Amino acid sequence: MNHATPDVGTPVHTYTQLLSSTRRGARLARLLAVTELRSRGVSQDLTERAELVVAELAANAVLHGRVPGRCFRLTLVLDPAAGRLRVEVSDARGDLRPLPCLTDPACDPLATTGRGLTLVTALADQWDCVPYPPSGKTVRAELLDAGA
């Protein structure tokens, strides 16, 4: 589903897609996000940061939020006038809440995995996790366009 929300001035664009909870679905989420942002004329810097954030959040949805037979949802909300992009990835596992490695005292500093949300923290201006009824969660990341 692809639609623009009417607004005074430049419209806010929302892009939403359901994707299979597989590695292929996570890869497709990244590719679709880049295609959508490029088609909207988003700056290269913001597109590249969003690509990495979508890749990480989609991978987490597939690895940690997967419920057999359930998809995950990618939503991009672009507000060109404000120079703001919100990336949302919703999955079916609300019981597993994400924590960045740096805030988890049990995190092994020599581990080769578990640093994805630290990357999201570095690339996004802010991120959080909210319930996605009836039993899922949505991880949201907001990215501001430095060139806007």
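In which strand is K137 found? I worked from a predicted model, and there I located K137 in strand 6.

**Entry on K137.** I next looked up its accessibility: K137 has a relative accessible area of 5%, and because buried means under 20%, I class this lysine as buried. I then searched for polar partners of its side chain, and found a polar contact with the side chain of D91 at 2.9 Å, while the backbone oxygen of R93 is reached at 2.7 Å. Leaving aside neighbours within four places in sequence, I listed the residues in contact with K137, among them G65, V89, L96, P98, C129 and Y132.

**Entry on the core.** I turned to the largest nonpolar core, which has 30 residues, and in which L57, L74, L76 and V87 have the most contacts. Strand 6 is one of the elements that supply at least two residues of this core, but I noted that helix 2 gives the most, with eight residues. For L76, leaving aside neighbours within four places in sequence, I recorded contacts that include A33, V54, L85 and V87.

**Entry on the cavity.** My search of the whole structure for cavities of 30 Å³ or more returned one, and about 40 Å³ of space lies in the largest cavity. Its lining includes H13, Y15, E36, R40, L76 and L85, and I counted six nonpolar, two polar and two charged residues by class. Strand 2, helix 1 and strand 3 each supply at least two residues of this lining.

Conventions
Residues are numbered from 1 along each chain as its sequence is written. This is a predicted model: local features need pLDDT of at least 70, side-chain atom pairs count only at pLDDT 80 or more; totals for chains, interfaces and linings use all residues. Side-chain values use heavy atoms; hydrogens and water are left out. On a 1 Å grid over the protein atoms alone, a cavity is a set of points where a 1.4 Å probe fits but cannot get out, and a pocket is an open set with protein on both sides within 12 Å along at least five of seven lines; lining residues have an atom within 4 Å of a point. Grid points are joined across faces, edges and corners, and a volume is the space filled by probe spheres set on the points. Helices (H or I, at least four residues) and strands (E, at least two) are DSSP runs, numbered from the N terminus. Ala, Val, Leu, Ile, Met, Phe, Trp, Tyr, Cys and Pro count as nonpolar, Asp, Glu, Lys and Arg as charged, and the others, Gly among them, as polar. A nonpolar core is a set of buried Ala, Val, Leu, Ile, Met, Phe, Trp, Tyr and Cys residues joined through side-chain atoms within 4.5 Å. Buried means under 20% relative accessible area, exposed over 50%, partly exposed in between (1.4 Å probe, protein chains only). Contact means heavy atoms within 4.5 Å. A polar contact is a pair of N or O atoms within 3.5 Å; within protein, one must be able to donate a hydrogen and the other to accept it, and residues adjacent in sequence count only if both atoms are side-chain atoms.
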